[in-house]
Amino acid sequence: MESRSFYNEILTEHNIHPEFKHDLPDADLVLEGVNPNCGDDIFLKLKLDGDEIVDGAFVGDGCAISQASADIMLGMIVGKKKEEALHLGELFLKMIKGEASDKEIDELEEASALKDISHMPARVKCAVLGWHTLEEMLNDEV
């Protein structure tokens, strides 16, 4: 198992140098996700080509966990079909609830860095904000 500091490095890197935190003016789907408990507020933006997510971005403000989680999520779903993105979202939420198997957690790649959030109830909503926004966005599209 990787060290906790390695996971902290992943989260710090995605928070300080997010690859997907920018505007995406030609997005096909845009949905705001808000966590009123702590003030996290993001706009998730996706560009589609048929059923494939060809680009994605987010803008907004929030804590380090919400921002890193949204950035990691977008890195995982760009280039995937909507169904695959929803599957990853289901696995992520299962992991956060402490219900995912090791194999399922491995499938989440970098997002597995957030698995210890399940032991920090006050931070769970931060970690799942982007994922819940994605799920709502794509389920409304189907």
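Colleague: Which residue does Lys45 form a salt bridge with?

Modeller: Asp23, with the closest N and O atoms 2.5 Å apart. A salt bridge here is a side-chain nitrogen of Lys or Arg within 4 Å of a carboxyl oxygen of Asp or Glu. Bear in mind that this is a predicted model, where local features need pLDDT of at least 70 and side-chain atom pairs count only at pLDDT 80 or more, while totals for chains, interfaces and linings use all residues. Residues are numbered from 1 along each chain as its sequence is written, and side-chain values use heavy atoms, leaving out hydrogens and water.

Colleague: Where do Lys45 and Asp23 lie?

Modeller: Lys45 is in strand S2 and Asp23 is in the loop between helix H1 (4-16) and S1, so the pair ties together parts 22 residues apart in sequence. Helices (H or I, at least four residues) and strands (E, at least two) are DSSP runs, numbered from the N terminus.

Colleague: Is Lys45 buried or exposed?

Modeller: Lys45 counts as buried, at 13% relative accessibility. Asp23 is partly exposed, at 44%. The cut-offs are under 20% relative accessible area for buried and over 50% for exposed, with partly exposed in between (1.4 Å probe, protein chains only).

Colleague: Nice. How many salt bridges does the structure hold?

Modeller: There are 4. One of them joins the side chains of Lys82 and Asp51, at 3.8 Å from N to O. That pair links distant parts of the chain, 31 residues apart: Lys82 is in helix H3 (residues 82-96) and Asp51 in the loop between S2 and S3. Lys82 is buried at 11% relative accessibility, whereas Asp51 is partly exposed at 34%.

Colleague: And what about Glu104 and Lys94?

Modeller: Their side chains meet in a salt bridge too, 2.8 Å from N to O. Glu104 lies in helix H4 (residues 102-107) and Lys94 in helix H3, so this pair ties together parts 10 residues apart in sequence.

Colleague: Switching to the strands: how many bridges join S2 to S3?

Modeller: 9 bridges, and S2 and strand S3 (residues 52-61) run antiparallel. Two strands count as paired if DSSP finds at least two bridges between them. Asp49 has Glu52 as its bridge partner in S3.

Colleague: Which residue in that turn has a positive phi?

Modeller: Gly50, at about 65 degrees, in a hairpin with 2 residues between S2 and S3.

Colleague: What about S1 and S2?

Modeller: S1 (residues 29-35) and S2 (residues 40-49) pair in the antiparallel sense over 7 bridges. Their hairpin has 4 residues between the strands, and Gly39 takes a positive phi near 90 degrees.
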